Each structure stands twice: as structure tokens, then as C-alpha cells.
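Trainee: I would like to learn how to read a model like this one. Could you take me through it, one feature at a time?

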Amino acid sequence: MFGYIRPCIGQLRVYEYETYRAVYCSICHTLKEKFGALSTLSLNYDFTFAALLGLALQEDFPGYEPFTCIAHPFHKRQRLKMEENTLPYVSGCVVSMVHAKVADNIADSSGLKSVLYRMTLPLTAHAGKKAGDCFPALPVLCSDMGKEQTAVEKLPDAGLDAAAEPSAKALAGMMEALSKDPMEQRILNRFGYLLGRWIYLIDALDDLEDDLKEGGFNPFLRKFSVTAPLSEEKRMEIQQYGREMLNITGAEMAAAYELLELKRFKNILDNIIYLGMKESMERVFTRRNKKKKESAGLLEEDAPAGEP
Amino acid sequence: MSEKDPYQVLGVARDATEEQVKAAYRDLAKKYHPDNYADSPLADVANEKMQEVNAAYDAVLKDLKNRKSGSQSSYQGGYSQNGQRYNQGYGQGYGQSGYGGYGYGNSQYGDIRRMIQQNRLVEAEELLDGSPANARDAEWHFLKGTICYQRGWLDDARNHFNAACQMSPNNPEYRAALNRMSWQSQGGYGAPGTGYRQTSYGGGRHQMDACDCCNTLICADCCCECMGGDLISCC
């Protein structure tokens with residue numbers, strides 16, 4: 001469910017692109033420092049966005065420093081100097097979310113897959129627990145999300161809104177903590193809710209085929225009462241509806257976003273909200289076969305998120 | 001709220017010209033336009049922003065006048081005819097456009113409207129859900145839609161606004177709510193007609209390209225043909 005919130009690279013200025021990359025590298029670095037080298041595997045673009053937003057809202061900015069990445073030993077890279085607010089918190093969010101996801105996958109799958117997930121569980125659990133020690137609210141948010149999701153999938157009349165609610169609420173809680181100002185927290189809560197909802201919906205649209213094949217829960221399949229195989233006509237109908245829902249959610253999200261007082265990074269964040277998210281939608285809607293995912297990561301020679 | 005630098009609020013440099021200041025103000029006023037935040041739980045925040053921007057605009061214009069005349073005392077008069085606010089309606093529309101003054105119909109709905117306004121969504125919804133299914137009219141659907149909207153349940157919200165408009169096609173309030181959602185569903189931001197975020201950025205898919213040019217010509221040709229003329233003779 002990760003990787004939909006990313007910038008439209010072609011529209012970034014070079015220095016903005018480098019800033020984006022520096023923040024990406026900083027989260028990777030913070031993950032390694034706080035939660036162990038393995039946790040860097042869970043790095044992803046969505047939380048890079050969260051970090052950018054958190055850094056944009058805070059008064060002080062740590063500045064940059066050069067470093068050498070183990071994955072690319074011959075290039076000097078820039079990253080942010082260590083700071084004690086946004087980066088550790090966002091890293092905590094990353095590992096908590098990934099842990100929740102693995103636990104959720106165990107419940108969902110059976111056979112060999114379940115065994116594989118079970119093997120990764122102790123690794124994510126370790127990092128997840130550490131994150132919980134630093135930020136006690138995170139494991140609560142994530143386990144609530146898992147429980148509510150399971151419950152809502154059992155309801156026979158759960159619509160799109162109800163199905164998206166658990167993810168939306170979890171993100172609302174996480175984003176809210178990026179600020180200490182009560183007014184900003186209200187905005188961030190609304191923003192996070194809609195962001196979580198948007199991610200949930202686009203992920204569901206992206207997974208139509210897989211869910212149909214494997215019998216997984218998908219709110220769109222249920223709403224349009226689809227039975228295999230998915231006809232071209234039905235797919236277009238679902239995509240049209242999904243596109244409208246994503247657009248409405250995105251517009252409402254942008255309205256909340258515009259009320260935030262950003263101290264830096266405005267162009268990059270604007271790019272993600274207004275261009276990057278639209279691009280992600282196009283990517284999902286034009287992708288015929290999910291397996292043929294573009295293998296190249298966003299940050300050219302960088303490994304795509306999740307790969308060493 | 002602490003005093004903010006008016007130049008910073010408008011996002012202009014200290015040596016900005018009057019045109020630049022006005023343009024910056026116009027953009028901000030479009031962004032925080034009450035229509036963009038109608039039915040939103042953040043309407044009050046947007047309103048506060050708008051007032052901040054208005055105050056900053058007045059302060060900066062005053063400052064500009066000062067600089068022009070070079071004296072400290074002359075700014076008292078004068079600036080107001082030049083410095084007219086972009087639209088006096090901004091920042092005043094909140095609260096009035098939506099919930100104020102609706103005395104007609106069931107008085108129970110008046111209470112529910114008030115509750116929604118005070119952000120007592122759970123209570124309001126309980127009251128609404130308590131009314132029997134056959135007594136649910138356009139107003140009921142509109143209010144239910146508003147509650148869904150505030151909660152972020154945008155699919156249900158659209159369905160209820162739709163139902164409200166079907167039952168009562170001439171009500172401008174219901175129509176505005178539905179129009180805003182259809183505008184957004186087509187990829188628009190804010191409310192239709194506020195001009196918010198149409199000119200800025202210019203990137204993405206909105207640039208004029210060769211295809212647009214052909215499309216425009218073909219459209220023009222079709223229009224001409226409708227009226228009996230022809231623009232492109234071969235089609």
C-alpha cells in the first residue's frame with residue numbers, strides 16, 4: 001500500500017529534487033540509527049512526504065551534511081543533520097506501519113505465504129516495539145487500524161467510506177502529531193484522514209485484479225458486485241468511479257493543505273499534492289498488469305523503496 | 001494570535017510594487033474563498049486566514065502609500081479608493097451562506113443545522129437517523145450529506161447531495177454542494193468559479209500543445225457546421 005505519494009520529478013527544479021533526495025536519505029539514516037539496519041528496508045516515498053511536511057511546519061531546520069551511502073559508495077550524497085523531532089517520529093511511523101502490515105498479511109494469507117510472513121514477523125516486531133517505546137501512540141493507532149479493518153470487512157453492507165475509515169483514521173492520528181499547535185493539529189488531522197483515505201482507495205483500485213483472483217476483500221469489487229472474470233466494461237466503470245472518488249478526496253485534501261503555514265519546501269509539497277498524486281493515478285489506471293510495475297525507482301540509480 | 005509581518009502574510013518582497021501586492025492578494029483571496037470551504041470542518045480556519053490576509057493587504061497598501069508620498073502623515077486618507085478590497089464579500093460569507101436564517105420547514109432541522117455548525121456531528125446524526133425512512137425529504141438528505149462531508153465520507157456525501165437535488169431541484173444550496181463535488185470529481189480544486197488554482201503552476205497536463213490546437217480547430221469547425229457554415233472544408 002506504499003509508494004503512491006511521490007513527486008512528479010519532471011516538474012521539480014534540480015535543487016528541489018536534491019532536497020527531496022536528501023530527506024529520503026535522512027529517513028533511511030534515521031531508521032538505521034534508531035531501529036537497526038534491517039528497518040531501512042521499509043523505507044518508502046509516502047513517509048518521505050510526511051517527513052517533508054513535518055520539517056516544513058517546524059520552526060528550526062537542521063541543515064545539510066555530506067555523507068557516503070553504503071549502497072552507492074562512490075558518490076557523495078547530502079542528507080539532513082540529525083534532528084530530534086520530525087525524522088525520528090516519521091521513522092517510528094514507518095516501522096509501526098510496516099509491522100502492522102506484516103501482521104495483517106499473516107491473518108489474510110494461508111499456506112506458504114503465511115509462513116514467509118511469519119518469518120519476517122520477529123524482525124518487524126522488534127523494530128515496532130522500539131518505535132512503541134519512543135512513541136506510545138503509534139502501536140495503538142496501528143493495532144486499532146488492523147482490528148477495525150478486519151471488522152469492517154466482515155460487515156455485509158460496508159461501502160467505500162466505511163472500508164477506507166480505518167486507514168484514514170490511522171493516518172489522521174499520525175499526521176496530527178507532526179505539530180504541537182492545536183489549530184495546526186486540527187488541519188493535519190483532516191489532512192491525514194483524507195490522505196489515508198486516498199491511499200486506501202488507490203491501493204484498492206490497484207489491487208482489483210489480484211483481489212479478484214485471490215478472493216481478497218476489495219470495496220470496489222463489492223460495490224460493483226463483480227464476479228470473476230472482470231470484463232473490460234466493468235473495469236472502465238470501476239475506474240471512472242474510482243477516479244472521481246480520488247479526485248474529490250484529493251481536492252478536499254488540498255483545501256486542508258492550503259491552510260497549513262509552511263516554512264519551507266512549499267514547491268516540493270505543492271508538486272506532490274497537485275501533480276505527483278495525479279501522476280500516480282494515471283500510473284495505476286494505465287497499468288494493465290500489476291506485475292509489470294516499472295522496475296526503476298523514482299530516484300534513478302537509487303534502489304526502489306524496499307530493496308537493498 | 002501574534003502579530004505577523006504583513007509582507008510575509010501576502011508572500012511579497014518588501015519592495016514589491018502595488019501591482020504585485022494586488023496580484024498576491026487576489027491569489028490568496030481565491031485560495032481562501034469561503035465557497036472553497038463551505039461544509040468543511042475547517043471553514044473557521046479558512047475564515048481566520050482570510051481576515052489575516054485582509055488585514056495584511058490593508059497594512060501593506062498603507063505602507064506603500066506612505067513610501068510613495070515620503071511622509072508619515074499623509075496615509076490616513078487616500079488609500080481606501082485605491083486599496084479597495086478585492087471583494088468585500090470575502091471573509092463575511094462564512095456562516096451566513098450555509099446555516100443562517102433558514103426558518104422554513106421542519107423546526108427540528110433548524111436544531112440539526114445548529115448542531116452541525118457547532119460541530120456536534122454525532123448528536124446531529126443521531127437525531128437525523130431517528131426520523132422515519134418515509135419522512136426523509138430533500139433537507140434531510142442535504143443535512144445527512146453535510147455530516148458525511150465533514151466526516152470525510154465523501155462517497156456517501158455525494159449520494160445524499162444528489163438525492164437532495166433530485167427531490168428539490170431548485171434549491172440553490174443543495175445545488176451548490178453537488179456542483180462543488182462534481183467539479184472536484186473532474187479534477188478541479190476548491191469550488192467551481194472561484195478561479196482557485198487554474199492559472200498557477202501551468203505544468204502537468206494543462207499546457208497547450210499541438211493536440212489542443214487541433215481539438216480547438218475541430219470544435220470550431222463543428223460549431224460552424226451547426227450554424228450552417230464551415231471552417232475546415234474537408235471534414
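Predicted model: local features only at pLDDT ≥ 70, side-chain atom pairs only at ≥ 80, totals over all residues.

Trainee: Which residues touch the most other members of the largest nonpolar core?

Mentor: In soluble globular proteins, nonpolar side chains tend to be buried together. A nonpolar core is a set of buried Ala, Val, Leu, Ile, Met, Phe, Trp, Tyr and Cys residues joined through side-chain atoms within 4.5 Å. Buried means under 20% relative accessible area, exposed over 50%, and partly exposed in between, with a 1.4 Å probe and protein chains only. Here the largest core has 139 residues, and A:M175, A:F191, A:F220 and B:L10 touch the most other members. Helix 7 of chain A (residues 182–206) gives the most to this core, with 13 residues. Helices (H or I, at least four residues) and strands (E, at least two) are DSSP runs, numbered from the N terminus.

Trainee: What is A:M175 in contact with, leaving aside its neighbours within four places in sequence?

Mentor: Contact means heavy atoms within 4.5 Å. With those neighbours left aside, A:M175 is in contact with A:F49, A:A50, A:L53, A:L188, A:F191, A:G192 and A:L195.

Trainee: At what angle do helix 2 and helix 7 of chain A cross?

Mentor: Two packed helices are described by the angle between their axes and the distance between the axes. Axes are lines fitted to C-alpha atoms, for helices over the stretch in contact, and angles run from 0 to 180 degrees between N-to-C directions. The axes of helix 2 (residues 45–57) and helix 7 of chain A cross at roughly 165° and come within 13 Å. That makes helix 2 of chain A roughly antiparallel to helix 7 of chain A. For the cut-offs, angles under 35 degrees count as roughly parallel, over 145 as roughly antiparallel, 65 to 115 as roughly perpendicular and the rest as oblique. From helix 2 of chain A, A:D46, A:F49, A:L53 and A:L57 meet A:E184, A:L188, A:F191, A:L195 and A:I199 in helix 7 of chain A. By class, that contact has seven nonpolar, no polar and two charged residues. Ala, Val, Leu, Ile, Met, Phe, Trp, Tyr, Cys and Pro count as nonpolar, Asp, Glu, Lys and Arg as charged, and the others, Gly among them, as polar.

Trainee: How does helix 7 of chain A run against helix 11 of chain A, parallel or antiparallel?

Mentor: The axes of helix 7 and helix 11 (residues 266–286) of chain A cross at roughly 20° and come within 9 Å. That makes helix 7 of chain A roughly parallel to helix 11 of chain A. Their contact divides into nine nonpolar, one polar and one charged residues.

Trainee: How many helices and strands does chain B have?

Mentor: Chain B has ten helices and zero strands. Buried residues make up 41% of its 235 residues. One of the residues in helix 8 (residues 154–167) of chain B is B:D155. At 2% relative accessibility, B:D155 counts as buried. Leaving aside neighbours within four places in sequence, B:D155 is in contact with A:L160, A:D161, A:R197, A:K223, A:Y241 and A:M245.

Trainee: What is phi of A:S225 near?

Mentor: Most residues other than glycine have a negative phi, and most peptide bonds are trans. Phi of A:S225 is near 30°, a positive value in a residue other than glycine. A:S225 is found in the loop between helix 9 (219–223) and helix 10 (232–257) of chain A. At 60% relative accessibility, A:S225 counts as exposed.

Trainee: Is A:F265 buried or exposed?

Mentor: At 11% relative accessibility, A:F265 counts as buried. A:F265 has a positive phi of about 65° although it is not a glycine, and is found in the loop between helix 10 and helix 11 of chain A.

Terms used: Residues numbered from 1 in each chain as written. Chains lettered and ligands numbered in written order. Heavy atoms only, no water.
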